[in-house]
Amino acid sequence: MFLAFSGERRKFTNSSRRPTYSQAVHPRRSFAKWSLLAALICLLSLNGISKAQEEQQTAEESDREARPKPNVLLIMVDDLNDWIGCMRGHPGTQTPNIDALSREGVLFMNAHCQGPICGPSRASMLSGLFPHTTGVYQQPTKDNLGKDEEHFRGKLLPEYFAQNGYETLGVGKITHGYPEDVAFQKYGGWKDGFGPKPEGGKRFNYELPSSPYSGTQTDWGAFPERDEQMPDFRSASWAIEQLESDHDKPFFLAVGMVRPHVPFYVPEKWFEQFPLESVVLPKFYREDQNDIPELGIRIHELPKYPDLAFLQANNDEQYRKCVQAYLACINFVDFQIGRVLQSLMASDYADNTVIVLCSDHGYHIGEKDRVSKHSLWEESTHVPLIISLPVHRNDPREIIRRNQLPVGLIDIYPTLLELCGLPANPSNEGESLVPLLFQPQVDGWREAILTTYAKGNHALRTETHRLIRYEDGRFELYDHTSDPEEWNNLAGPAQTSRAAMEVNFELAQHLSQYFPKTEADYHPSTSRSAINAWFEEHLKANGVIPSDTPEE
């Protein structure tokens with residue numbers, strides 16, 4: 001049974017009936033009770049434990065020590081924003097498998113990455129450290145994070161599991177700037193990268209403009225002919241082979257899905273699910289950036305990427321094609337995820353496997369005049385995050401289903417350690433989400449989660465607001481209860497009410513306590529490639545690009 005939503009979403013220009021669609025949604029089945037860990041977590045989460053409960057807890061602890069540790073299936077999706085059915089991010093999305101997983105677990109509706117591009121986000125998530133601690137603010141050059149013994153070498157999440165008795169398996173894109181064959185004991189590869197691509201550098205819809213700054217693979221179209229030619233199909237097939245194999249030890253299996261990363265290429269059959277004439281476009285506001293500080297505009301410029309002027313030409317011709325392609329890519333990757341989940345549920349490991357599904361960051365599809373990540377705004381930082389435990393899948397009464405508290409990808413590391421009964425890693429800077437898997441509210445939970453984009457530039461997301469602070473001290477402040485599109489900067493020049501200005505100033509001052517007090521220098525592995533003029537100046541000022549490097 002798929003989730004269905006009705007009514008018009010504020011983020012979109014019109015509503016659209018969800019088409020009926022079915023595919024390899026993992027089947028429901030009867031699960032043996034997974035009490036060894038879940039019951040203990042439930043007991044520990046309650047206030048005031050009776051003597052009888054203490055005795056039961058002791059017995060369950062002994063039982064847990066005598067039984068196998070749970071396996072982990074971590075599914076990481078590249079560039080997937082909140083356009084999935086269970087997050088209601090787009091009315092035309094078809095994600096039956098992800099939606100089914102969300103019904104059998106906890107969906108974190110307010111989860112955010114710690115860096116709004118692949119390298120910093122994955123470095124933070126897999127190390128359990130914030131970018132301002134490691135200095136990985138921008139993309140690292142190939143495999144060079146593996147030379148850092150202070151923050152990364154031997155310390156990544158799968159390596160920690162291996163050191164504690166797990167068999168670690170990985171396939172597809174998991175790390176970025178760190179060698180996969182070091183991160184995992186067994187790695188299934190990542191053939192064709194973000195391809196396959198047409199021969200001779202052919203593009204279907206978007207040609208790169210002339211600019212001295214770093215380019216993009218951004219394009220969209222129906223290619224290649226068959227699913228079997230796609231890296232994600234092969235990654236899913238490799239993961240299925242591991243789930244159908246015997247394992248002498250508990251396993252940690254990470255599956256990295258590439259789509260919907262650019263180019264937005266998938267076979268034609270996935271495009272057919274989203275007819276162009278019924279594609280729903282995101283809302284836009286032409287004066288959206290009029291109240292943004294100058295630095296906020298400069299840091300977010302994307303000279304090589306598609307903008308609204310290109311997308312909206314000829315009656316939104318390319319905009320519709322772009323949205324259609326992104327939806328097709330999401331539908332395709334959802335099917336591959338369904339293949340993996342179905343295999344797990346049919347295996348001997350279903351009753352003892354923790355499932356985590358997340359994206360490395362969000363993505364703008366025209367909002368804020370961009371088709372990209374690379375920003376401190378909601379569309380870039382907001383990510384899907386689902387955690388499903390066997391006890392959730394066995395007994396729906398245990399499911400909180402949705403949690404609205406601010407959480408981050410940095411919280412996955414300590415969460416999995418606690419769920420699997422492994423020693424806590426004292427270097428972890430995130431918080432375990434285990435209490436939130438059984439309770440919607442937890443006393444003392446963080447007020448805001450942090451995202452960083454280039455040294456000195458940060459965003460904080462609370463349950464209700466987003467606060468951005470740039471390196472020059474200027475702010476942006478948005479109230480998501482009334483402005484989910486972040487069109488009205490409450491710290492901007494258009495605010496005329498003195499009382500409102502004072503309230504907003506006090507809120508900004510209060511939240512500022514959560515910004516980093518110190519920030520590491522740029523990591524030695526940082527790429528010298530600049531995405532715009534501001535980054536070129538910034539990287540030179542911070543010693544990443546030699547100051548005497550001539551401009552191209």
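This is a predicted model: local features need pLDDT of at least 70, side-chain atom pairs count only at pLDDT 80 or more; totals for chains, interfaces and linings use all residues.
The buried residues in helix α8 are Pro-231, Asp-232, Phe-233, Ser-235, Ala-236, Trp-238, Ala-239, Ile-240, Gln-242 and Leu-243.

What do the buried residues of α8 pack against? They pack against strands β4, β5 and β7, and against helix α11. As for its length, α8 reaches 19 Å from its first C-alpha to its last, close to the 18 Å expected at 1.5 Å a residue.

Now the pairing with α11. Two packed helices are described by the angle between their axes and the distance between the axes. For α8 and α11, the angle is about 5 degrees and the axes are 9 Å apart. The two helices are therefore roughly parallel to each other, since an angle under 35 degrees counts as roughly parallel. On the α8 side, the contact is made by residues including Phe-233, Ala-236 and Ile-240. On the α11 side, Phe-332, Val-333 and Val-340 are among them. By type, the residues of this contact divide into nine nonpolar, three polar and two charged.

Next, α11 itself. How far does α11 span between its end C-alpha atoms? The answer is only 43 Å, while a straight helix of 38 residues would span 56 Å. If you look along α11 for a bend, there is a kink of about 125 degrees, centred on Asn-315. Of the 38 residues of α11, 28 are buried, so this helix is largely enclosed by the rest of the structure.

Is Gln-312 buried or exposed? Gln-312 is buried, with a relative accessible area of 16%, and buried means under 20%. Leaving aside residues up to four places away in sequence, Gln-312 touches Phe-284, Arg-286 and Tyr-319.

The axes of α3 and α11 come within 7 Å and cross at roughly 50 degrees. That makes α3 oblique to α11. In α3, the residues in this contact are Pro-96, Asn-97, Ile-98 and Leu-101; in α11, they are Asp-334, Phe-335, Ile-337, Gly-338 and Leu-341. Six of the residues in the contact are nonpolar, two are polar and one is charged.

How many of the residues of α3 are buried? Eight of the eight are, so α3 is largely enclosed by the rest of the structure. Asp-99 and Arg-103 are among the buried residues. Besides α11, the buried residues of α3 pack against β2, β9 and β13.

Now some loops. Between β1 and α3 there is a loop that holds Asp-82. Asp-82 is buried, with a relative accessible area of 13%. Arg-88 is partly exposed, at 38% relative accessible area.

In the loop between α10 and α11 we find Pro-303. Pro-303 is partly exposed, with a relative accessible area of 34%. Its C-alpha and that of Pro-209 are separated by 7.8 Å, though they are 94 residues apart along the chain. Among the residues that Pro-303 touches are Tyr-213 and Ile-531.

Then the backbone. Most residues other than glycine have a negative phi, and most peptide bonds are trans. Here are the exceptions I picked. Arg-88 has a positive phi of about 55 degrees although it is not a glycine. Ala-454 has a positive phi too, near 75 degrees; Ala-454 sits in the loop between β16 and β17 and is buried, with a relative accessible area of 0%. The peptide bond from Phe-223 to Pro-224 is cis, with omega near -5 degrees, and Pro-224 lies in the loop between β6 and α8. Another cis peptide bond joins Val-262 and Pro-263, and Pro-263 is in the loop between β7 and β8.

Last, the whole chain. There are 16 helices and 19 strands. Of the 552 residues, 61% count as buried. Among contacts with a separation of 6 or more, residues 24 or more positions apart account for 75%. That is the end of my part.

Note on methods
Residues are numbered from 1 along each chain as its sequence is written. Side-chain values use heavy atoms; hydrogens and water are left out. Axes are lines fitted to C-alpha atoms, for helices over the stretch in contact, and angles run from 0 to 180 degrees between N-to-C directions. Helices (H or I, at least four residues) and strands (E, at least two) are DSSP runs, numbered from the N terminus. Angles under 35 degrees count as roughly parallel, over 145 as roughly antiparallel, 65 to 115 as roughly perpendicular and the rest as oblique. Contact means heavy atoms within 4.5 Å. Ala, Val, Leu, Ile, Met, Phe, Trp, Tyr, Cys and Pro count as nonpolar, Asp, Glu, Lys and Arg as charged, and the others, Gly among them, as polar. The expected span of a helix is 1.5 Å times one less than its number of residues. The bend at a residue is the angle between axes fitted to the seven residues ending there and the seven starting there. Buried means under 20% relative accessible area, exposed over 50%, partly exposed in between (1.4 Å probe, protein chains only).
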